[in-house]
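Let's work through some exercises together, one step at a time. Keep the structure open beside you as you read.

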Amino acid sequence: MHRLADRVHLEELTKIGILRGNIDDMVKVHLGAVFMPHGLGHLLGIDVHDVGGYPEGVERIDLPGLRSLRTARVLVQGMVLTVEPGIYFIDHLLDQALADPAQACFINNDVLARFRGFGGVRIEDDIAVTANGMELLTCVPRTVEEIEAFMTEGQGNPKSFASVSSQSSDP
């Protein structure tokens, strides 16, 4: 799932012009780890970052991005975990990528410059693994309209999130 999130990030960064080139070639040079240097998620339980992600016999993958995974185990029904992809613009990591010809060839530095200093964003969902997939446990605003309505409410203009979310066409 982490690798899929990397691919989606690279595709989206290409669509907005920060990156250019072949996504498969970007994956080969671990370009996704420049923008998402953290793991995709972690188990939840007694602790926020619960233990058990690497039971005996499950080894860490020592590759950029993947070495930060908090679990590589097979998930089973009843487990609860986070799924939190993120995109960050961290100067140190960007500078390293720009100094590496294998990665720099994909980066459109003119477009990237507009995002330096932005920081980043991470969206966290909490899920429970079920017999047939997963159950989403997170109920937060997701669309631009929902987020703006939520922010308006926080500024003292009451508008219930429930009324906004009932209007959403998103699942």
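**Exercise 1.** Decide whether E84 is buried or exposed in this predicted model, and find its charged partner.

*Solution.* 
- Step 1: Look up the accessibility. E84 has a relative accessibility of 6%.
- Step 2: Compare this with the cut-off. Buried means under 20% relative accessible area, so E84 counts as buried.
- Step 3: Look for the partner. The side chain of E84 forms a salt bridge with that of R122, at 3.0 Å from N to O.
- Step 4: E84 sits in the loop between strand 2 and strand 3 (86–89), while R122 belongs to strand 4 (residues 119–122); the pair is 38 residues apart and links distant parts of the chain.

Side chains of opposite charge can pair when their charged atoms come close.

**Exercise 2.** How many salt bridges does a search of the whole structure find? Describe the one between R7 and D24, then the one between R67 and D62.

*Solution.* 
- Step 1: The search finds eight salt bridges.
- Step 2: Take R7 and D24. Their side chains meet at 2.6 Å, N to O. R7 lies in helix 1 (residues 2–15) and D24 in helix 2 (residues 23–28), so this pair, 17 residues apart, links distant parts of the chain.
- Step 3: R7 is partly exposed at 28%, and D24 is partly exposed at 40%.
- Step 4: Turn to R67 and D62. This salt bridge spans 2.9 Å from N to O. R67 is partly exposed, with a relative accessible area of 42%, whereas D62 counts as exposed at 60%.

**Exercise 3.** In what order do the strands of the open sheet lie, and which strands stand at the edges?

*Solution.* 
- Step 1: Read the order. Four strands make up the open sheet, in the order 1-2-5-6, with antiparallel pairing.
- Step 2: Find the edges. Strand 1 (43–44) and strand 6 (133–136) each have a single partner strand, so one side of each is left without a neighbour in the sheet.
- Step 3: Look at one pairing. Strand 1 and strand 2 (residues 80–83) are joined in the antiparallel sense over two bridges. L43 has L81 in strand 2 as its bridge partner.
- Step 4: Visit the loop between these strands. R70 is found there, and R70 is partly exposed, with a relative accessible area of 45%. The C-alpha atoms of R70 and H42 are separated by 5.3 Å, although the two residues are 28 residues apart along the chain.

**Exercise 4.** Which residues have the most contacts inside the largest nonpolar core, and which elements give two or more residues to this core?

*Solution.* 
- Step 1: Name the residues. The largest nonpolar core has 17 residues, and I18, L19, L31, F35 and F89 have the most contacts inside it.
- Step 2: List the elements. Helix 1, helix 2, helix 3 (32–35), strand 3, helix 4 (91–99) and helix 6 (109–112) each give two or more residues to this core.
- Step 3: Follow one residue. Beyond its neighbours within four places in sequence, F35 has contacts including L13, I18, Y88, F89 and L112.
- Step 4: Find the other core. Another core, of five residues, lies apart from the largest one; L43, M79, I127 and V129 are among them.

In soluble globular proteins, nonpolar side chains tend to be buried together.

How values were computed:
Residues numbered from 1 in each chain as written. Predicted model: local features only at pLDDT ≥ 70, side-chain atom pairs only at ≥ 80, totals over all residues. Heavy atoms only, no water. Pairing = 2+ DSSP bridges. Buried < 20%, exposed > 50% of the residue type's maximum accessible area, 1.4 Å probe, protein only. Salt bridge = Lys/Arg side-chain N within 4 Å of Asp/Glu carboxyl O. Core = buried A, V, L, I, M, F, W, Y, C linked by side-chain atoms within 4.5 Å. Contact = heavy atoms within 4.5 Å.
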